[in-house]
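This report walks through selected features of one protein chain. Keep the sequence and the 3D view side by side while reading.

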Amino acid sequence: MTKYVIQGGKPLYGEINISGAKNAAVAIIPAALLVDGVCRIENIPQISDVTSILNILQDLGADVRTVNRTTVDVDCSHIRNAKVPEELARKIRASYYLIGALLGRFGSAEVPPPGGCDFGGRPIDQHIKGFVAMGADVDVHGGYIHAKAKTGRMIGTQVYLDMVSVGATMNIILAATLADGMTVIENAAKEPHIVDLANFLNSMGADIMGAGTDVIKVRGVERLTGGSYSIIPDQIEAGTYMTAVAAAGGEVLIRNVIPKHLECITAKLLEMGVEVEERDDAVLVRRHGPLSRTNVKTLPYPGFPTDMQPQIAAVLCLAQGTSVLTEGVWDNRYRYVDEFRRMGAQIQVDGKVAVIEGASHLSGAKLQACDLRAGAAMVIAALAGQGTSEVSCVHHIERGYEDIVRKLSNVGADIRVVVAPGEDRQAKIG
Ligand code: EPU
């Protein structure tokens, strides 16, 4: 099995460039299904989740052309098929966006239940509630979600989300863009990638207002036409490298970011004694002294992101004193804790709360990534730890981090990939 071998204990110095946002890309690429013409999508991250979603569009009949390393042209004008193949859809969570996009385009969709990281239950009842309110029949049989607009076209309506859901908010936007009339989404999620999806669709001719607030209004339009759009930088990738510097020490300029999107992470690092300086499109992160304890609770944006919870836990394991970490989004996102304990971390978990007793050091160990962000957190713990660590199951990490080994090596980390015999590691976006 391919693994990363990391010699810890080296502070990080230099610059890291942040790639396009995974969770924006995996919604914007399916959104191209709604567009009549060629969409040029720029700043696409080179990660396996993006490859998977592009493969699905190609399988449906889209013309996908790679323009350069981070840009693709997607033309969905000639697609006639609304059935997504099972083996491709199960690889990623974001395949659920195909339901909203295909319903919006064709008034029908057949999509297998989504895959992705395992955090306990990951229901999509709020997505379905939205589609049903907009006039679709939705049922699950034969391993597929079957959705069909009763009148052949989705109908604008009011949808109140029972909980703040990123996926449901984006999926309802997708289903509403070409609908008949106005859709109002109340209690909508406000993450930066929701604003990015709305900006992408608006730039192609959609009429979406209020993205970034908790009430989003989508006035259905007859058609979207092609254009070009550049995806925002990845808030979580940037946050991950910020926490890597916090844990390992050193000074790194993290470039191509929107500092505003990082404020929820910056605030916690400042509390812990890490220096963070905001520049126009970069943040400088510096840590030389000891780390102080703090409490962190994950919440929907603009709260502290759940997708940064394992990474901040790695830093808290090295802070002086006792920290309390509360997971406010997912039922079960502490599956990585046993791996941290192998390194000497002292963590007690009770339900959604983890109490972390800071240790003077972590020691190298053999670790197994159990999901994307937990895998990244293990890399961070290994960078800060004393001695050699091995992180296996790195396919989880490479679903969402472009070139993580090269980016960390460039700032002085001692990290190398040991490739499993016979594994093809040529990642491509197209
Ligand atoms: N929920 C429901 N019913 C629904 C939808 C959500 O009960 O119909 C609950 C979930 O169980 C969870 C909460 O609502 O407790 C929030 O879930 P949300 O729908 O916001 O999550 P998601 O759309 O499935 C996206 C990201 C996740 C990220 C969450 C929260 C993508 C592809 N995934 O998931 O990202 O953790 O939002 O911010 O955008 C990651 O990138 O590592 C990742 C897991």
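In this predicted model, I99 contacts A109, V111, I124, F131, I145, A147 and N171, with neighbours within four places in sequence left aside. I99 belongs to the largest nonpolar core, which has 80 residues. I41, I99 and L201 have the most contacts inside that core. A second, separate core holds 76 residues, including V245, M308, A313 and I347. In soluble globular proteins, nonpolar side chains tend to be buried together.

**The three-stranded sheet and α4**

Helix α4 (residues 97–106) lies across β6, β7 and β8. Its direction makes an angle of about 155° with β6. The three strands form an open, antiparallel sheet in the order β6-β8-β7. Neighbouring strands here are turned by 10° against each other on average, direction ignored.

**The four-stranded sheet**

Another open sheet has four strands in the order β2-β14-β16-β15, with mixed pairing. Its edge strands are β2 (12–17) and β15 (275–278), and each pairs on one side only.

| Strand pair | Sense | Bridges | Facing residues |
|---|---|---|---|
| β2 and β14 (residues 250–255) | parallel | six | E15 and L253 |
| β7 and β8 (residues 144–149) | antiparallel | six | D139 and H146 |

Helix α6 (residues 166–176) is mostly covered, with 10 of its 11 residues buried. Among them are M170, N171, I172 and L174. N171 is also one of the contacts of I99. S165 caps the N-terminal end of α6. One of its side-chain oxygens lies 3.5 Å from the backbone nitrogen of G167.

The buried residues of α7 include P192, H193, I194, F200 and L201. Their cover includes α1 (22–31), β3 (35–42) and α6, along with β11 (207–209), β12 (215–219) and β13 (224–230). Just after α7, G205 takes a positive phi of about 115°.

Is E237 buried or exposed? E237 counts as buried, because its relative accessibility is 3% and the cut-off for buried is under 20%. This residue is found in helix α8 (residues 235–248). A polar atom of its side chain lies 2.8 Å from the backbone nitrogen of S19. Not counting residues up to four places away in sequence, E237 touches I18, S19, Y401, E402 and K407.

R80 sits in the loop between β5 (71–75) and α3 (86–89). At 64% relative accessibility, R80 counts as exposed, since the cut-off is over 50%. Beyond residues up to four places away in sequence, R80 touches R105 and F106. R80 and F106 are 26 residues apart along the chain. Their C-alpha atoms are separated by 8.3 Å.

Terms used
Residues are numbered from 1 along each chain as its sequence is written. This is a predicted model: local features need pLDDT of at least 70, side-chain atom pairs count only at pLDDT 80 or more; totals for chains, interfaces and linings use all residues. Side-chain values use heavy atoms; hydrogens and water are left out. Two strands pair if DSSP finds at least two bridges between them. Helices (H or I, at least four residues) and strands (E, at least two) are DSSP runs, numbered from the N terminus. A nonpolar core is a set of buried Ala, Val, Leu, Ile, Met, Phe, Trp, Tyr and Cys residues joined through side-chain atoms within 4.5 Å. Buried means under 20% relative accessible area, exposed over 50%, partly exposed in between (1.4 Å probe, protein chains only). Contact means heavy atoms within 4.5 Å. A polar contact is a pair of N or O atoms within 3.5 Å; within protein, one must be able to donate a hydrogen and the other to accept it, and residues adjacent in sequence count only if both atoms are side-chain atoms. Axes are lines fitted to C-alpha atoms, for helices over the stretch in contact, and angles run from 0 to 180 degrees between N-to-C directions.
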